[in-house]
Amino acid sequence: MTCRASFLSMAIAALATLSTVAGAAETVTRFEARESHSGDLVIASVTDLDFMRPLISAFQQGNAGISVTYVQDTSNNLDASVSIACANRSFLADLVVSSSIAQQVRLVNGGCAREIGSPVLSSLPDWAQWRGELIGLTFEPAVMVYNKAAFAVDGPPRSRFDLIDLMRQSGVLNGRIATYDIEDSGVGYLFAFQDSTEASTWGRLIEGFGRNNVATFCCSSDVIDRVADGRAYIGYNVLGSYALSRAENDPRIGVILPDDYTLVLARAGYIPREARNANAARAFLELALSPQGRAILDGETRLLTPLSGPDALARLSGDEETAFRPIPLSPALLVSLDRAKRARFLSQWRKSVTPPSP
Amino acid sequence: MNILSPHPVQSRSRSIAWRLTLLLTLLLTIAAAGTVVAALSYGQTAATRAFDRLLTGAALQIAERIGVVEGETVVDIPLSAFGLLSLASEDRIFYRIIGPGGETLTGDEAFPLPDDASGRGEPLLYDAVFSGEAVRAIKMQRFLAERAVRGPITVIVAQTLRARSELANEIVARAVIGVVIAGGVTLALALLAMHLALSPLRRVEIALLARDPKDLTPFSTTTPREVEALVAAINRFMARLDRRVGAMQDFVADAAHQMRTPITALRAQTELAMEENDPRKLKTQLRRIRDRAVGVSRLTDQLLSHALVTHRADSATLELIDLRRVAVEAEREARRTGGATGIELDLPADPVMVEGDAFSLREAARNLITNALAHGTPPVCLKVSITQDGKALIAAHDQGPGMNTVQLERIGQRFARDAANPQSAGLGLAIVAEVAEFHHGSIRTSVSAGGGFEVGIELPLARPPLSALARGDSE
C-alpha cells in the first residue's frame, strides 16, 4: 500500500507540473491501471473527454496494467505545446490526437512522428493516413444544423445553393446564421479553406454571410446551443459528431449533410518521436479501428471511423446521395497553414464577413 | 599395346562439357552482374530525374504566384504545387521563400540553402539534410522589377527521398528479376545446345569402347568436321598397328621356318662328323659344318636386320643424310662383321644428299656388298652417284655375269634363295627392296658395257640446290 501511495503522490506531482506548464485551459484526467501497474499511456488531445471515455475504458479492459492519462486542451494550445516538445525533443505524450489535421500534418512533416508500424494501416483508405505515421481515426462530416421550428413550413436548405438562395432572397436569415470564427477555431479555418478550394460557391457564401450579419463562435457546441434555442436558425460547417449526438437528444435541431458535397474530417493521431510507451499508443490506435473500437465510435459519440463512416452516415441521414469529400491527410494541407496564404485568406474572410462599421 | 585395352587411358575430370558449362556460367554471371549494376545506376538516375521534374514543376508554380501588391511582395502558394509534390505521396515537403533582402517571406526559415551559391539565375537542384532526413531540393529565382520591390525572390522546394528510392528499387528489382530469368533461360538453352553439339563425340566414344580389341579396321562412324582429324588419326594409327602386327606375324613365321631347316642340317652334319674316323673326310665335313654355321649366322643377321628395317619403315623419322657417308660406314661395317675385304669405294666429290633413315640405308648398302661378295665376282665396288635423270644412286658393282632373267624377276622377294649356295639366306635384296620402297626409291640393276653387273637403289635427291653442283661429277 505504501508503494501505491507513493506512486500516486508522484503521479499527482507530475500532473501538477504538466498543468502549470501547459496553461490554464488544459485539463488532465488520469485513469489508474485496473490491475498491477505496468505502464502509462499519455494521450494529448483536443477531443472532449466525454467522447473518448468509452474508448479509454475499452482500452483498459484489454490492457489492465496500463494507466491512461488524458490531457485535453484547445487545438491552438495543444499545437503550441506539441511543437515546442518536438523542437526540444522532449516527451509530451505517447499519442497526439487532434482534429486540427493540418497542424498534425505539419508536425509529421516536421519529423515529430514515428512510424506506427501496424497492420491496421493497410486496411485504411489512402486519404486517412500519411507516411504510415499519421492515421485518421474518425469520420466527421461538416454539417449544417438547423432549428426545426424555424423551418417548419418550407423545410431546411438541403445544399449550399439552397442556403445561398435563402440568404439572397429574403431577410429571414439576417442575424440568424452562426458558424465558426475561423480565426479562432482550427477546425473552422480548415473547413472554410477546404470550401474555398472545393467549389466556387465559397465566394457567394461568404458574401451572403456578410450581408446577413453572420455570428461567429469558437466552438461547435456554442453554435449548436444558439441554433437549439432559436437565436440562430442555421449553423454552418458544424462538426458532425457534435451535431449528430446532440440531435439525438435534442428534438429542436436537425442535421443536414449538404447535397452538393459534404466535407469529411478524420481526427488524426500520431505517435510522437519521443513517445515513452509507443506500444501502448499503437495498441490504442489499433483498438480504435478494431471492430470493437468501431462499434464504440459509431455509437453515441457519432465520431465514426474512416472504415465504417460512409455507411454509418448514410444510415443516419437516410440520404444515399451525399457526396462525401474526405479531406486527405496529405502535405497539401500545409498550404492552408502557409503564413502568407493564411493571412490573405483571413483578410478576405474578414472583409466579407465583418459588416462595415456604421 | 595398352591402346587395345578396353579401358583407354583418359581423364574424365576436364570434359569439354564441363569446361563449356563453367565458361558459360561464368560469362552469364558476369553479364548479369553488369546488367544489374547498370540497372542500379539507371534506376537511381531515372527516379532522380522523374522526381526532380516534380520538384521543378512545383517550384515553377510557386514562383509564378509571386507578385507585388500595394508595394509588398505577396506569395500565394498554389495548392496545385503541393498537389504535384503529393504525387510522391509518402514524402515530406519543405519550402522556403526568400525575399530580395534575404528575409524569409514564408516557409521553413531554417531550410538550408545550397552550398554552391553560384549560377544565380539557373534553377539549382541539390541534396541536403533537414529535420533528420535526407532531402532533395530545388532553388529557383524569380526577379521582380516593380517600383516597390526589385531583386531576386528565391524559391526553395524540397522533398524527402522515400518515393525516389521506392521507384529506384522497383526498377532495379524488375531488372534483376528479368536478368535472372533471362540468364537462367539462356544457360538452359546453351546447355541443351552444347549437349546436342557434343553428341557426335559421345558416338565416337561409344564406338571406341564397344570395339573388339582385335578389330583394327578403320572407323566408319560419321563424324563432324571438328573431330574428323581425330578419327582419321585414330584410323591411321590403327592401320599402322595392323601393318606392324602383320609384319611381326610374318617375321615370326619366316624366322621359324627359315631357321629350322639349316639348323636341322647342321645337326645332321655334326652327327655325321662325330662318326667319321678318317681325318681327311672329317676335315671336309668340318668345313661343311662351318659353311652351314656361317649360313645360319648370316640368316640370323639378315632376319634381324630385316625386322629392324621393317620396324623403322614405320617409325623412323627421315633426316637429311649424305649417301657417301652411308657408303663409307657400310663398307667399314661389312669389313668388320662379314670379314669382307678388297671392297672399293667409288664416291663423288660433292655430297649426295637424300632424305632417309641412316640406319636402314646403311643396312641396305651392307646387304648390297654382302650380296655382291656372295654371288658376284670380285673385285666388288660400292658406288655412289647421281644418275642422268637426277636421282641419287648407291649400288654395288662386281665383275660377274650378273643375274639371270629368273633371278631378276624374283629380285626383292624374300627367301629367293639360290639353292646352290647354302650360305645364302635369300633375304639380302629383300631388305634392299624394302628400304628402297620406304624411301620412295626403287631397285636398279644394270649390266656394264665393259663387263660386270651392278645392283643398287635409286632414291630421289633431297631438295637443296647442291644437286646442280654435283651433276656429272662421278669418276
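Two strands count as paired where DSSP finds at least two bridges between them; helices (H or I, at least four residues) and strands (E, at least two) are DSSP runs, numbered from the N terminus. The model is predicted, with local features needing pLDDT of at least 70, side-chain atom pairs counting only at pLDDT 80 or more, and totals for chains, interfaces and linings using all residues. Residues are numbered from 1 along each chain as its sequence is written, chains are lettered from A and ligands numbered from 1 in the order in which they are written, and side-chain values use heavy atoms, without hydrogens and water.

**View 1. Strand 3 and strand 7 of chain B, with helix 1 of chain B packed on their sheet.**
The open sheet in chain B has 5 strands in the order 4-3-7-6-5, and its pairing is antiparallel. Strand 4 and strand 5 (124–130) of chain B are the edge strands, each pairing on one side only. On average, neighbouring strands of this sheet are turned by 25° against each other, direction ignored. Within the sheet, 6 bridges link strand 3 of chain B to strand 7 (residues 150–160) of chain B in the antiparallel sense. In strand 7 of chain B, Gln159(B) is the residue opposite Ile93(B). Helix 1 (residues 16–64) of chain B packs on the sheet and touches strand 3, strand 5, strand 6 (133–145) and strand 7 of chain B. The direction of helix 1 makes about 35° with that of strand 6 of chain B (axes are lines fitted to C-alpha atoms, for helices over the stretch in contact, and angles run from 0 to 180 degrees between N-to-C directions).

**View 2. The interface of chain B and chain A.**
On the chain B side 25 residues are in contact with 21 residues of chain A, contact being heavy atoms within 4.5 Å. About 1700 Å² is buried between the two chains, and carbon and sulfur atoms give 45% of that area. Buried area is the accessible area (1.4 Å probe) lost when two parts are put together, summed over both.

**View 3. Polar and charged pairs between chain B and chain A.**
There are 5 salt bridges between the chains (a side-chain nitrogen of Lys or Arg within 4 Å of a carboxyl oxygen of Asp or Glu). One salt bridge joins Arg131(A) to Glu133(B), with the closest N and O atoms 3.3 Å apart. Strand 2 (72–75), helix 2 (79–85), strand 3 (93–98) and strand 4 (104–107) of chain B each give two or more residues to the side that touches chain A. Strand 4 of chain B supplies the largest share, 4 residues.

**View 4. Asp314(B) and its contacts.**
Asp314(B) lies in helix 6 (residues 279–315) of chain B. Leaving aside residues up to four places away in sequence, Asp314(B) touches Arg240(B), Arg243(B) and Arg244(B). Phe438(B) is 124 residues from Asp314(B) along the chain, and their C-alpha atoms are separated by 8.5 Å.

**View 5. The open sheet of 7 strands in chain A.**
The strand order is 1-3-2-4-13-6-5, with mixed pairing. Strand 1 (27–31) and strand 5 (129–130) of chain A form the edges, and each pairs on one side only. Strand 2 (residues 39–45) and strand 3 (residues 66–72) of chain A are parallel and share 7 bridges. Thr69(A), in strand 3 of chain A, is the bridge partner of Val42(A). Helix 2 (residues 49–62) of chain A packs on the sheet against strand 1, strand 2 and strand 3 of chain A, and its direction makes about 165° with that of strand 3.

Notes
A polar contact is a pair of N or O atoms within 3.5 Å; within protein, one must be able to donate a hydrogen and the other to accept it, and residues adjacent in sequence count only if both atoms are side-chain atoms.
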